[in-house]
Amino acid sequence: MSLALDKPRQPRRPAARRSNGELYSWLFMRLSGLLLVVLVLGHLFIMNILDGGVHKINFGFVAGRWASPFWQFWDLAMLWLAQIHGGNGVRTVINDYARKDSTRFWLKMLLYVSMVLIISLGTFVIFTFDPNISN
């Protein structure tokens with residue numbers, strides 16, 4: 001008499017078709033991670049060492065920075081890359097740990113909506129920031 005055991009990590013649902021989506025996702029995570037390291041470490045070095053530390057950061061400091069398209073692009077690149085990189089990681093966790101298809105669907109919809117809202121709001125703030133606030 002033999003016991004039949006399932007294969008480890010046997011997929012719960014059959015693969016419908018082969019696509020390169022996960023390969024591109026994996027590649028994006030590696031490339032965006034490298035670029036984020038450069039952007040974030042550059043940001044920390046410039047803000048904390050070259051510009052005299054965090055005690056100088058206030059509304060006027062940010063207004064002066066965002067007057068330059070270079071700093072707008074730098075912060076926009078950090079925002080978009082960090083949000084998409086983190087969202088892709090959370091999507092992978094949802095795919096790995098959500099057991100029911102409906103749970104997986106709603107968690108990913110919540111993730112996608114929150115990503116779009118944060119990216120949209122951050123982009124809106126960066127491009128419409130007005131340093132001349134009147135009382």
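Mentor: Phe-70 has a relative accessible area of 49%, so this residue is partly exposed (buried means under 20%, exposed over 50%, partly exposed in between, with a 1.4 Å probe and protein chains only). The model is predicted: local features need pLDDT of at least 70, side-chain atom pairs count only at pLDDT 80 or more, and totals for chains, interfaces and linings use all residues. Residues are numbered from 1 along each chain as its sequence is written, and side-chain values use heavy atoms, with hydrogens and water left out.

The ring of Phe-70 pairs with that of Trp-74: the centres are 5.7 Å apart and the planes stand at 50°, so the pair is tilted. Rings of Phe, Tyr and Trp (its six-membered ring) pair if their centres lie within 6.5 Å; planes under 30 degrees apart are stacked, over 60 edge-to-face, and the rest tilted. Phe-70 and Trp-74 are four residues apart in helix H3, and therefore about one helical turn separates them (a helix is a DSSP run of H or I, at least four residues, numbered from the N terminus).

Trp-74, at a relative accessible area of 15%, is buried. Trp-74 belongs to the largest nonpolar core, which has eight residues, including Trp-71, Leu-36 and Met-78. Such a core is a set of buried Ala, Val, Leu, Ile, Met, Phe, Trp, Tyr and Cys residues joined through side-chain atoms within 4.5 Å. H3 gives the largest share of this core, five residues. Helix H1 (21–50) and H3 are the elements that give two or more residues to this core.
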